[in-house]
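Reader: I have a model on screen and a list of labels. Take me through what each label rests on.

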Amino acid sequence: MSQENVEIVRGAYEAVNRGDIDGVLDLCSPDVEWQDLAGIDTSAGTGKDAVRAYFETVMEPWEEVRREAEEIIDLGGDRVLVLFHMTGRGKGNGIEVDARAGDLLTIREGRLVRWVGYPDRAKALEAAGLGE
């Protein structure tokens, strides 16, 4: 099951990088919980509509943006930690972003049920119980 969870997460990141919001939603449970602790609005959302709204809002100002999974760590059970490198360039202004952060995802019965984004790797590792 753990390798299957890693593949589900890998598929979600591939969909994000294609700009395929529906592809991400196809991997989510109907009652998926979503929270981006790295963003301006750190409130949590529940359900696929909340995930769609998040991606539409976050992706809109970018001409291009990528979240390359540099390390996918199977935490056993139903959790997977992703340490990623985010790059992007803003529409019109050309502002570039180059950051490393992490996401902690929970998978049950082949679906993403919880996705929490952290502003940096240290916080993501800590949340996963792997902090120093």
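Author: Start with one term: a residue is buried when its relative accessible area is under 20%, and exposed when that area is over 50%. Keep in mind that this is a predicted model.

Reader: What makes β4 largely enclosed by the rest of the structure?

Author: Count its residues. Of the 12 in β4, 9 are buried, so the strand is largely enclosed by the rest of the structure.

Reader: Which strands does β4 pair with, and how do you know that they pair?

Author: Two strands pair if there are at least two bridges between them. β3 and β4 are joined by 11 bridges and run antiparallel. β4 and β5 are also joined by 11 bridges, again antiparallel. Both counts meet the cut-off, so both are pairs. For reference points, R66 faces T87 in β4, and R89 faces E96 in β5.

Reader: What makes up the largest nonpolar core?

Author: It has 26 residues, and V9, V24, F55, L112 and W115 have the most contacts inside it. Two or more residues come from each of α1 (2-18), α2 (21-26), β1 (28-36), α3 (48-59), β4 (79-90), β5 (96-108) and β6 (111-118). α1 gives the most, with 6 residues. A second, separate core has 8 residues, including L81, L83, L104 and A128.

Reader: What does V24 touch?

Author: Beyond its neighbours within four places in sequence, V24 is in contact with A12, A15, V16, V51, F55 and W115. In soluble globular proteins, nonpolar side chains tend to be buried together.

Reader: Why is the Y13 and W115 pair called stacked?

Author: Rings pair if their centres lie within 6.5 Å, and planes under 30 degrees apart count as stacked. Here the centres are 5.7 Å apart and the planes are at 25°, so the pair is stacked. Y13 is in helix α1 and W115 in strand β6, so the pair ties together parts 102 residues apart in sequence. Both residues are buried.

Reader: Why is the W34 and Y54 pair tilted?

Author: Planes over 60 degrees apart would be edge-to-face, and those under 30 would be stacked. This pair has 50° between the planes and 4.9 Å centre to centre, so tilted is the label left. W34 is in strand β1 and Y54 in helix α3, 20 residues apart.

Reader: Are these two buried or exposed?

Author: Buried. W34 has a relative accessible area of 6%, and Y54 stands at 15%. Ring pairs link both into a cluster with Y13, F55, F84 and W115.

Reader: What makes you say that a charge sits over the ring of F84?

Author: The CZ of Arg must be within 6 Å of the ring centre and within 35 degrees of the ring normal. The charged end of R67 sits over that ring, 4.2 Å from its centre.

Reader: Why is A50 called partly exposed?

Author: Its relative accessible area is 24%. A50 is in helix α3.

Reader: What makes E109 worth a look?

Author: E109 has a positive phi of about 50° although it is not a glycine. Most residues other than glycine have a negative phi. E109 is in the loop between β5 and β6. At 79% relative accessible area, E109 is over the 50% cut-off, so it is exposed.

How values were computed. Residues are numbered from 1 along each chain as its sequence is written. This is a predicted model: local features need pLDDT of at least 70, side-chain atom pairs count only at pLDDT 80 or more; totals for chains, interfaces and linings use all residues. Side-chain values use heavy atoms; hydrogens and water are left out. A nonpolar core is a set of buried Ala, Val, Leu, Ile, Met, Phe, Trp, Tyr and Cys residues joined through side-chain atoms within 4.5 Å. Buried means under 20% relative accessible area, exposed over 50%, partly exposed in between (1.4 Å probe, protein chains only). Helices (H or I, at least four residues) and strands (E, at least two) are DSSP runs, numbered from the N terminus. Contact means heavy atoms within 4.5 Å. Rings of Phe, Tyr and Trp (its six-membered ring) pair if their centres lie within 6.5 Å; planes under 30 degrees apart count as stacked, over 60 as edge-to-face and the rest as tilted.
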